[in-house]
Amino acid sequence: MKTLRNTLFMLGQVAKYTPAFFFWTVVEGLVWGCIHSFTSVLFVKALFDKIGAGAPFSDILVLVGWMAAFFIAAYIFHEWYWQHIEPTARQTLHERMQSVLFRKALGLDLACYDNPDFYTDFVWAINEADSRAVWVAEDMGKLINRVVSTAVIIGVLLTVDVWIVLAIVGAVAVTVGLKLWRTKIQYRRDVELKPEQRKADYIGRVFYLADYAKEIRLSRAEDVLEREYDGAVNNMIGRFRQYGKKLFAVGTARSISTSMLFDVGIMLLLVYKMMVQQTITLGDFAASIGATWKLFWQIGNLMDYLANFKEHSLYAEKFRAFLGYQATVCDREGAAALTGTFEELRLNNVTFAYPGADRPVLRDICLTIRRGQKIALVGYNGAGKSTLIKLLMRLYDPTGGTIALNGKCAGWYTLESYRNKFGTVFQDYQLFAASIAENVVTDAFQESDREKVLKALADSGFGGKLAALPNGIQTPLTREFDDGGVILSGGEAQKVAIARVFAKPCEIVILDEPSSALDPIAEYELNQAMMSAAFDKTVIFISHRLSTTKMADVIYMLDDGRIIEQGSHDELMALDGKYAEMFHLQAEKYNRQEECAV
C-alpha cells in the first residue's frame, strides 16, 4: 500500500505539471502493447490459419499489408513521442518541480543544513525528484504496454492449452521474487553509498572550482583531500564488494531458475503435448513457441516494472518527506504584518543551543537596541556574535528567553515583514553569477533602479572600481556564464555586498565583519561612508578590529556566550576590563606594524 500511495503521488505530480505528457504516455503504452501482441501472436496465428486453410496468396498479401500499415503508423507515433513529447515534457516537468523544491528549500529551517542526514536526503530530493517522476510515468506507460500485450497473448494461449499458461506464470513468480529481493539489496547499498558519494563529490568540486584554486595551489591541503577522497572511494568499493556477493548469488539463482523453468521445462511440455498427447498441431506448436517466448518475457518484464515501482517508492518517500517538512521558524497562527517604523528591539534572557549541541552558544543575553543607535558586538572567535545576529534575523528561534520588536514578541509578526526591517551583510556573503546591478538589488534590474544602485555602490566605496568598468553596473560578475565577466578582489566583492544593504529600504542594518577584506585605509573610508549613508538607520555591526567600534553608541563585549561588558568605547576603556585588554593588544600590534614599515 505504501508503494501504491507513493506511486500515485508521483504520477499525480506528472499529471499536475505536464498533463499532456501523462496522456501521451498512456497512449504510447497502449500502442506498443498492441504491437507486441499482434506481432508475436495474432499475426502469426492468423497467417498460419490462412496457410492451413489453403487461402489464396492475395488474402495473405492483404493481411501482410494491413500489418505493414499498422507498423508504419506505430513507428511514426513512437518517434514523435520520444523525439518531441518526451524531451520537452521532461524539461517542463524539471522546471516546474524544481520551482516547487526551490520554494520549499527557502522555507527550511537553517538548522536543517546542520543535520547531515536531513541534508543528504535534501540534496537527493533536489537532484532526483523530477527525473524520478519522469521515470515513474514512463514505467507506467511500459506497464500498460506489458499488461495489454500479456492479456492478448494469454487469451490466445488459453485457447491452445491452459497448462502452458500456468507453467509460465509459475516460472515467472519464482524469478520475480528473486528480483524483488535484489531490489531491496540494491537500495540498502545505495543508501550506504550516498554519504561517501557526497564526500567524494565535494572533494571533486574543490579541485575544479575557482573559489579554491589559489588555496589548493599554495598549501598542502591536497594531501588531506586526496586521503579523504581515497577513503571515501575505498569505502564505496567496500560497499560494492559487500553487496556484490549478495547480488551475485541472487542474480545467479534468478538466471539459472529462468533457464531451467522456461528454456527446458516449457519446451519439453510443448513437445510432449505435440508428440505424445498429440493435442496440438505443428501450426499450434509454432504459434505457441513464439507466444510462449513473448509471454514469458512480457510477464517477467511486467513484474520487473512492478518491482521498479517498489524502488521508485523508496525514493519517493524521501521526496514526500522533504515536501512535508514543517519548519519551526515560520509564520505562527495569527501572525500579522509588521507595520510602522522601528522603535526598539529587546532581548530578554535569550539562550540558544544548536540542535544536538552539548552546551548553549548563548546564555542569558539581555540587551536593548533603539532606533538610530549604532551598536557594536565584539569578542573573540566563538563568543557567539554571529549566532546572535542569526537570532535577531529569526534564522533561528531562541531555545530560551524572548526577542521583542516594538514591544511585541518577534513571533507575532510574519517572517517576511519582520525580516524586511533588516538589511544584512554576513561575513560569508555570496555574490551571484549576474550583473553588478542585479547583485545589488538582488532582483531583476529595472531602469528605475539605476540611481539607487549607483548611490549604493558609491556609499559602499565601490565607485572608483565601477568607473573603470566599460559596462558599468551591467558588468557581469564571475565567468560562470560569460567569458567577459569580472572577477573582483575580496575587498571589491565585499563592497558590492555592502551596497545591497544601502539599496534596500530597511531600517536596521546588520554588518558582520563589514571590513574584514579591507586594508586599514579602505576600512576607515568605508566606515565613514557607512556612517554617512546610514546616519538615519539603526546599525548593528560585528568587528574584530576595535578601531571600527569606537564610533558605536553602545558596545557589547561577549565572552563564552555571555555579555560581560557593555558601554561606549570611552566607558569600556575606563573600565579597563576585557574590552580594554583586547583594544590595547590590537593597538600594540598596529604600532609594531608602523615601526616595521618605518
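Cys-112 counts as buried, with a relative accessibility of 5% (buried means under 20% relative accessible area, exposed over 50% and partly exposed in between, with a 1.4 Å probe and protein chains only). The model is predicted, with local features requiring pLDDT of at least 70 and side-chain atom pairs pLDDT 80 or more, whereas totals for chains, interfaces and linings use all residues. Residues are numbered from 1 along each chain as its sequence is written, and side-chain values use heavy atoms, without hydrogens and water.

The closest cysteine sulfur to that of Cys-112 belongs to Cys-330 and lies 12 Å away, too far for a bond. Cys-409 is likewise in no disulfide, the nearest cysteine sulfur, that of Cys-330, being 13 Å away; at 28% relative accessibility, Cys-409 counts as partly exposed. With a disulfide defined as a pair of cysteine sulfur atoms within 2.5 Å, the count is 0.

The expected span is 1.5 Å times one less than the number of residues, and helices are DSSP runs (H or I, at least four residues) numbered from the N terminus. A kink of about 35 degrees in α3 is centred on Tyr-81, the bend being the angle between axes fitted to the seven residues ending there and the seven starting there.

Notes. Helix = DSSP H or I, 4+ residues; strand = E, 2+ residues; numbered from the N terminus.
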